[in-house]
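Visitor: I would like to go through the labels used for this model and hear what each one rests on. Please set the values against the cut-offs.

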Amino acid sequence: PDVSRFLARGGKWILWHGVYDPSPSPLGTLAYYDAAVRTSAPKLGVSPAAMTDRMRLFLAPGVGHCGGGPGPDRFDMLAALDEWVEHGKAPARIIATKATAPISRPLCAYPAWARYRGKGDKDDAASFVCR
């Protein structure tokens, strides 16, 4: 989990995992992300909280292994990474859609999670906030 050399060279890293994935478990990805933060932060001379300037994890509810499942499984992590690297805009949320259903949801940067605002279309990402 020591990714400090990559991050020290200015690397930006986005990880994602479908929460509906039967194997490997998303809990393993969470554990790896937390270990990478704990291991790399001291070597970079930053707090674990400051690691979000270099690494982001997104969990995709209802998404299986590399896609599929009942949740919105279409999203563009590469565009988000490009925006971060080229323009310095770290992604806080990435909109996911479903090809077979009119649904969209924000994928939130961990540890935030999409929460329904209490009003609006429950199938529309605009009705959710990351908290």
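**Labels and their grounds**

Guide: Just after α3, G88 takes a positive phi of about 75°. Helices (H or I, at least four residues) and strands (E, at least two) are DSSP runs, numbered from the N terminus. This is a predicted model, in which local features need pLDDT of at least 70, side-chain atom pairs count only at pLDDT 80 or more, and totals for chains, interfaces and linings use all residues. Residues are numbered from 1 along each chain as its sequence is written, and side-chain values use heavy atoms, with hydrogens and water left out.

Visitor: What makes the link of C108 and C130 a disulfide?

Guide: The S to S distance is 2.1 Å, and a disulfide is a pair of cysteine sulfur atoms within 2.5 Å, so the label applies. The structure holds 1 disulfide. C108 lies in strand β4 (residues 101–108) and C130 in strand β6 (residues 128–130), so the link ties together parts that are 22 residues apart in sequence. The angle about the S-S bond is -80°, and the link is left-handed.

Visitor: Why is C108 called buried?

Guide: Buried means under 20% relative accessible area, exposed over 50%, and partly exposed in between (1.4 Å probe, protein chains only). C108 has 5% and therefore counts as buried. C130 has 23%, so the label there is partly exposed. C66, with 67%, is exposed.

Visitor: Which label does W113 get for its accessible area, and what does W113 touch?

Guide: W113 has a relative accessible area of 33%, so it is partly exposed. This residue is found in the loop between β4 and β5 (114–116). Contact means heavy atoms within 4.5 Å. Not counting residues up to four places away in sequence, W113 touches V19, L59, P61, C108, V129, C130 and R131.

Visitor: How do you know that the buried residues of α3 are on the same side?

Guide: In α3 (residues 77–87) the buried residues are M77, A80 and W84. They cover an arc of only 65° around the axis, so they lie on the same side of α3. The arc is that of the directions from the helix axis to the C-beta atoms. An α-helix has 3.6 residues a turn, so residues three or four places apart point the same way. The buried residues of α3 pack against β1 (13–18), β2 (55–60), β3 (93–98) and β4. On the other side of α3, L78, E86 and H87 are exposed.
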